[in-house]
Amino acid sequence: MAARRVVVFPSSAELGPVLARLVTSRAEKAITSHGRFTLGLSGGSLVSMLGKELLALPDLDCSKWVVGFCDERLVPFDDPESTYGLYKSHLFSKVNIPDSGILTINSSLPVNECAEDYARKLKEQVFPDDDFPVFDLLLLGMGPDGHTCSLFPEHPLLEETKKIVAPISDSPKPPPQRVTMTFPVVNSARCVAFVSTGGSKAPVLKEVLEGREGPALPAARVVPTNGELFWLVDEPAAASLTIQVERPGSGAKL
């Protein structure tokens with residue numbers, strides 16, 4: 001396990017370009033090493049941040065990228081709750097990522113079958129040689145309750161050890177039906193980067209990074225076995241932290 005790095009920026013405006021450079025640097029490393037770059041995306045504020053910052057980079061080449069989703073809502077792709085739908089309009093339609101490089105759920109299936117189908121796609125099309133998929137980079141967010149992916153506090157899915165993708169039909173946050181990567185997949189990644197911004201995240205960020213009484217929150221259970229772990233946060237989110245952090249500025253390379 002590599003050391004966790006907590007990197008603080010004055011605001012999300014400085015964080016965004018560093019995140020984009022992290023994505024492209026890990027992409028270059030992966031493509032040099034094994035000919036492709038596997039990326040797991042999350043929704044929320046990450047969509048607009050990546051759409052803006054990746055498109056601002058000169059010479060962005062996504063032709064060898066393979067993109068999956070850390071979790072996805074069981075809604076049609078044209079629904080505003082669809083993570084794929086949002087990325088399609090903000091990013092995929094504007095870069096040279098091949099259609100075959102974007103792994104989507106089949107939202108017409110019932111939630112249990114949808115999760116099995118997505119797990120099968122990941123296994124057969126992308127990771128046939130791995131017990132659990134090993135993504136080059138997973139980008140994660142965190143909710144104010146400490147959830148990440150669609151892994152919520154005190155939910156039975158936190159203890160899932162065998163499934164690659166699990167169904168959830170009782171999500172505390174709407175829409176209730178979703179599919180989510182499980183901790184064994186998240187913690188198999190070569191690199192995981194959380195992005196957490198805004199003062200509303202400050203109390204939970206402190207609990208996740210510095211510990212709390214009672215069971216660890218889901219985001220605190222993301223500890224890659226052999227991979228890097230970054231927390232990219234802004235000053236408002238970091239306001240309550242007492243641990244040592246890095247403050248590298250907007251020109252940083254991670």
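Visitor: Which residues is L139 in contact with, leaving aside its neighbours within four places in sequence?
Guide: L139 touches L19, V23, L39, G40, L41, S42, L46, L50, C70 and A193, where contact means heavy atoms within 4.5 Å. This is a predicted model, with local features needing pLDDT of at least 70, side-chain atom pairs counting only at pLDDT 80 or more, and totals for chains, interfaces and linings using all residues. Residues are numbered from 1 along each chain as its sequence is written, and side-chain values use heavy atoms, leaving out hydrogens and water.

Visitor: And which residues touch the most other members of the largest nonpolar core?
Guide: F92, L139, W231 and L232, out of 87 residues. A core here is a set of buried (under 20% relative accessible area, 1.4 Å probe, protein chains only) Ala, Val, Leu, Ile, Met, Phe, Trp, Tyr and Cys residues joined through side-chain atoms within 4.5 Å. The largest share, 8 residues, comes from α1.

Visitor: Which lining residues are closest to its centre?
Guide: G43, G44, G141, M142 and K173, out of 22.

Visitor: What about the second largest pocket, which helix gives the most to its lining?
Guide: Helix α1 (residues 12-34), with 8 residues; helices are DSSP runs of H or I, at least four residues, numbered from the N terminus. That pocket holds about 260 Å³.

Terms used:
On a 1 Å grid over the protein atoms alone, a cavity is a set of points where a 1.4 Å probe fits but cannot get out, and a pocket is an open set with protein on both sides within 12 Å along at least five of seven lines; lining residues have an atom within 4 Å of a point. Grid points are joined across faces, edges and corners, and a volume is the space filled by probe spheres set on the points. Helices (H or I, at least four residues) and strands (E, at least two) are DSSP runs, numbered from the N terminus. Buried means under 20% relative accessible area, exposed over 50%, partly exposed in between (1.4 Å probe, protein chains only).
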